[in-house]
Amino acid sequence: MNSWDLLKNKSDNKVYVLGHRGSPLRERENTIPSFKRAMEEGADGVELDVHPTLDHYLVVSHDNSLKRVFGIDKKVEDMTFDEIRKIAPEVPLLSEVFDAIGPVWYDIEIKADKPLGFRKEVVDLLWKELEKREEFWPQIMISSFNPIAMRRAGKIMKDHFPLGIIYEGENIPAICRKGQGRLIFPCSFLKPKWTIAERERESKPKWTICPWTVDTEEGIKSMVKLSVPLIITNDPLLAVKTLQGENLR
C-alpha cells in the first residue's frame with residue numbers, strides 16, 4: 001500500500017502509527033535515536049520537521065531556535081550546518097534520517113513560520129532530497145501549517161506525494177482554524193489537532209483526517225471511531241498497544 005492508497009483507498013484493517021518527532025517521551029525529539037526508538041516500539045513511520053540552514057542544508061528540527069530542546073539560544077536558519085553540528089551535534093540532516101531508518105512512512109512537515117516571508121528554499125531543498133530517494137516516494141506525505149508553502153510544494157513536486165494542511169482550533173489565524181488553507185493548494189488530506197478531529201469529521205465527511213498528537217488510550221480509541229487511516233503520537237508504544245487491543249494492528 002502506498003501513501004495515496006493509505007489516504008484515499010484504505011482497505012486493510014489497520015490504523016498506522018507515526019511517531020511524532022520520533023519517540024519524544026523517551027528520547028530527545030527529532031533526533032536519530034528518537035526515530036529509531038519509534039520504529040523499535042512498533043511505529044510504521046515518523047513525523048518530522050524540516051528547516052533550511054543559512055548555507056542551504058535541510059535539517060530536522062521543530063523549532064527554528066535551539067533553545068527549548070538544546071538550551072542554546074540560536075536560530076537554525078541563521079547558522080551554517082557546521083555551526084549547528086558543533087553546538088548541537090544531535091540535530092540531523094534529513095538525509096541522515098533517511099539513511100538511518102530507511103524507507104518507512106514519513107510525514108514531513110515543512111516549517112515556514114512566516115505566512116509570506118518564509119525561506120522558500122525549504123521547499124526546493126526538500127524536493128532536491130526527495131528526488132534522490134525515489135524508492136521512498138510510496139511512503140512519503142508532506143504537510144505544513146503554511147498553505148503558501150504547500151502551494152509551492154504542489155507546483156514543484158506535482159502530484160508525487162499527498163499534501164496536507166495542519167491546523168488547530170487556536171493559536172493560528174482564525175481564517176485557518178477550520179482547515180481553510182486547503183483551498184489554496186492541491187490538498188490531499190487534513191491534519192487537525194486531535195481535539196478538533198471529531199468536529200472536522202462531521203463538517204468535512206469526505207476528507208481524509210490524520211489527527212495529531214494522540215497520546216492517551218481514550219484519545220486513540222476516539223480517533224478509531226472516526227475511521228482515520230493513521231494517528232500521529234508522542235507515545236508510539238502506547239498507540240501500538242492500544243490499537244492491538246482494538247484488532248487494528
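Colleague: First up, is Phe 145 buried, partly exposed or exposed?

Modeller: Keep in mind that this is a predicted model. Phe 145 is partly exposed, because its relative accessible area is 30% and buried means under 20%.

Colleague: And which ring does Phe 145 pair with?

Modeller: With Trp 212: the ring centres are 6.1 Å apart and the planes sit at 80°, so we call the pair edge-to-face. The pair links distant parts of the chain, 67 residues apart. Phe 145 is in the loop between β5 and α7, and Trp 212 is in the loop between α8 and α9. Trp 212 itself is buried, at 13% relative accessibility.

Colleague: How many aromatic pairs does the structure hold?

Modeller: It holds 9. One of them is Trp 137 with Phe 161, also edge-to-face because the planes are at 80°, with centres 5.4 Å apart.

Colleague: Switching topic: what are the buried residues of α9?

Modeller: Gly 219, Ile 220 and Met 223. They span an arc of only 100° around the axis, so they lie on the same side of α9. Their cover includes α8, β8 and α10.

Colleague: α8 again! Where does Arg 201 sit, and how far away is the nearest side chain of opposite charge?

Modeller: Arg 201 is in helix α8.

Key
Residues are numbered from 1 along each chain as its sequence is written. This is a predicted model: local features need pLDDT of at least 70, side-chain atom pairs count only at pLDDT 80 or more; totals for chains, interfaces and linings use all residues. Side-chain values use heavy atoms; hydrogens and water are left out. Buried means under 20% relative accessible area, exposed over 50%, partly exposed in between (1.4 Å probe, protein chains only). Helices (H or I, at least four residues) and strands (E, at least two) are DSSP runs, numbered from the N terminus. The arc is that of the directions from the helix axis to the C-beta atoms. Contact means heavy atoms within 4.5 Å. Rings of Phe, Tyr and Trp (its six-membered ring) pair if their centres lie within 6.5 Å; planes under 30 degrees apart count as stacked, over 60 as edge-to-face and the rest as tilted.
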